[in-house]
Amino acid sequence: MSDFRSDTVTRPTAAMKQAMFDAPLGDDVFGDDPTVNRLQDMAAEMLGFEAALFAPSGTQTNLIALMTHCQRGDEAIVGQQWHTYRWEAGGMAVLGSIQPQPLAHQPDGTIALDDIESTIKPDDQHFARTRLIVMENTTGGKVLPIAYMQAVRELARRHGLRTHIDGARLFNAAVALATESGGDALAQARKICASYDSLSLCLSKGLGAPVGSLLLGSASFVQQAKRHRKMLGGAMRQAGMLAAAGIHALQHHVERLAQDHAHAALLADTLTKAVASRPRLAGQIVVHPAQTNMVFTDVAGEVADEFLAHLAARNVQVTSGPPRKHAGKTIRWVTHLDVGLADIEHVRGVIAAF
Ligand SMILES: Cc1ncc(COP(=O)(O)O)c(C=O)c1O
């Protein structure tokens with residue numbers, strides 16, 4: 001099976017499992033699981049925050065962040081495609097009583113600064129109080145540039161707003177920037193989140209841990225966030241077994257994301273060439289270049305279902321959804337720890353046979 005559905009499908013490596021097995025444990029609700037404490041301290045130190053909090057999922061660290069920043073009736077500015085808005089079952093509204101203000105994206109994944117600024121509501125009894133700006137980096141596999149992240153932060157500061165980054169794939173962004181500039185991924189990661197009030201970072205996507213996400217912020221923010229984690233059912237007991245996988249991931253799986261990015265670039269190239277070699281597919285399948293570990297292909301309505309069935313019958317798993325700007329389907333291919341060159345070669349043959 002060549003599983004390109006998501007980087008969430010990875011299974012822990014033997015070394016990661018051993019680290020989980022060997023982890024010293026305690027009760028994290030009492031604050032005495034040494035492995036959870038080590039993971040939290042390590043991540044905070046790595047990314048330049050005062051403190052961190054371990055929770056079961058990225059959906060939960062995002063929701064904890066939103067509920068910690070915003071009171072009932074506050075508003076959070078988000079992107080139409082941000083996970084926090086579109087893919088978290090409306091949690092901020094349902095559980096946080098927070099009003100989302102979604103904004104359209106530009107083709108590079110950013111939201112125009114003017115759009116953000118003109119959306120901030122004046123202090124008037126008719127309006128929800130705009131409290132928070134949420135960013136997502138990477139978003140749909142795209143890297144939001146550091147200068148843009150800084151400009152958003154400055155805008156927020158001018159208006160007295162708080163800032164949160166959904167950095168589920170922060171290290172994909174950092175590694176891509178480091179590859180481009182020849183710099184150090186950790187330094188790039190720090191720059192992306194410099195002066196943001198909070199960050200959620202997933203351990204169970206490209207980093208390859210089976211479970212877990214971290215919420216980072218100031219010590220007082222994390223102290224308040226703990227109450228929301230408890231309320232949402234995310235306070236775990238001997239969670240060190242899971243935290244150990246996170247420590248292993250941060251120690252061994254950050255730099256290797258460059259390999260996933262190289263595989264995505266190769267996959268995009270392979271798909272482009274395979275499609276070009278099939279006259280029948282001219283204009284029917286459009287392949288978009290990859291910036292990090294995701295490749296998107298737009299497939300015309302005439303062939304979309306047949307193409308998806310063809311992939312499935314040949315053990316190629318992908319995700320597909322309704323397209324944004326064309327009739328047909330958009331297919332997402334994600335590279336990760338558990339797909340490699342053999343899978344890309346397999347895809348080449350599968351497309352050639354379509
Ligand atoms: C950008 C982004 N943020 C947050 C999440 C949520 O993570 P989880 O699946 O751990 O809840 C995801 C999951 O795919 C994601 O892609």
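In this predicted model, S198 sits in strand β7. With a relative accessible area of 0%, S198 falls under the 20% cut-off and so counts as buried. Its side chain makes a polar contact of 2.7 Å with the side chain of H164. H164 also turns up among the residues that S198 touches once those up to four places away in sequence are set aside; the others are F49, A65, H69, T163, I165, L215, L216 and F221.

The structure holds one cavity of 30 Å³ or more, and about 50 Å³ of space lies in the largest cavity. Its lining is made up of A168, R169, L170, F171, N172, L201, C202, K205, G206, L207 and L257. Sorted by class, the lining has seven nonpolar residues, two polar ones and two charged ones. As for how such spaces are found, rolling a probe the size of a water molecule over the atoms shows where empty space is left.

Some of the cavity-lining residues also feature around the ligand. A168, R169, C202 and K205 line the largest cavity, and these four are found around the ligand too. A few polar distances here can be spelled out. A nitrogen atom of the ligand is 2.6 Å from an N or O atom in the side chain of D166. On the oxygen side, an oxygen atom of the ligand is 2.8 Å from a polar backbone atom of G58. For R169, the side chain is involved, with one of its N or O atoms 2.8 Å from an oxygen atom of the ligand.

Turning to open spaces, the second largest pocket has a volume of about 170 Å³. The elements that give two or more residues to the lining of this pocket are α2 (34–47), β2 (51–55) and α10 (219–231). Of the 13 lining residues, N37, Q40, D41, A52 and K226 lie nearest the pocket's centre. Helix α2 gives the most to this lining, with four residues. By class, the lining of the second largest pocket divides into five nonpolar, three polar and five charged residues.

Q284 lies in the loop between α12 (257–276) and β9 (285–287). At 18% relative accessible area, Q284 is buried, because the value is under 20%. Apart from neighbours within four places in sequence, Q284 is in contact with D298, V299, A300, E302 and V303.

R72 is a loop residue as well, placed between α3 (58–69) and β3 (74–79). Its relative accessible area of 70% is over 50%, so R72 counts as exposed. Even so, R72 has contacts beyond its neighbours within four places in sequence, namely G96, S97 and R129. R72 and L95 are 23 residues apart in sequence, while their C-alpha atoms are 9.7 Å apart in space.

Finally, the backbone has a few spots worth a look. Most residues other than glycine have a negative phi, and most peptide bonds are trans. A89, which is not a glycine, has a positive phi of about 55°. This residue belongs to the loop between α4 (83–86) and α5 (91–94), and A89 is exposed at 75% relative accessibility. S195 also has a positive phi, near 70°. The loop that holds S195 runs between α9 (185–193) and β7. With a relative accessible area of 45%, S195 is partly exposed. As for the peptide bonds, the one joining N137 and T138 is cis, with omega about 0°. T138 has its place in the loop between β5 (129–136) and α7 (146–158).

Definitions and conventions: Residues numbered from 1 in each chain as written. Predicted model: local features only at pLDDT ≥ 70, side-chain atom pairs only at ≥ 80, totals over all residues. Heavy atoms only, no water. 1 Å grid on protein atoms, 1.4 Å probe; cavity = no way out; pocket = protein on both sides within 12 Å on 5 of 7 lines; lining within 4 Å. Points joined across faces, edges and corners; volume = space filled by probe spheres on them. Nonpolar A, V, L, I, M, F, W, Y, C, P; charged D, E, K, R; others polar. Buried < 20%, exposed > 50% of the residue type's maximum accessible area, 1.4 Å probe, protein only. Polar contact = N/O pair within 3.5 Å; in protein donor to acceptor, adjacent residues only side chain to side chain. Contact = heavy atoms within 4.5 Å. Near = heavy atom within 4 Å.
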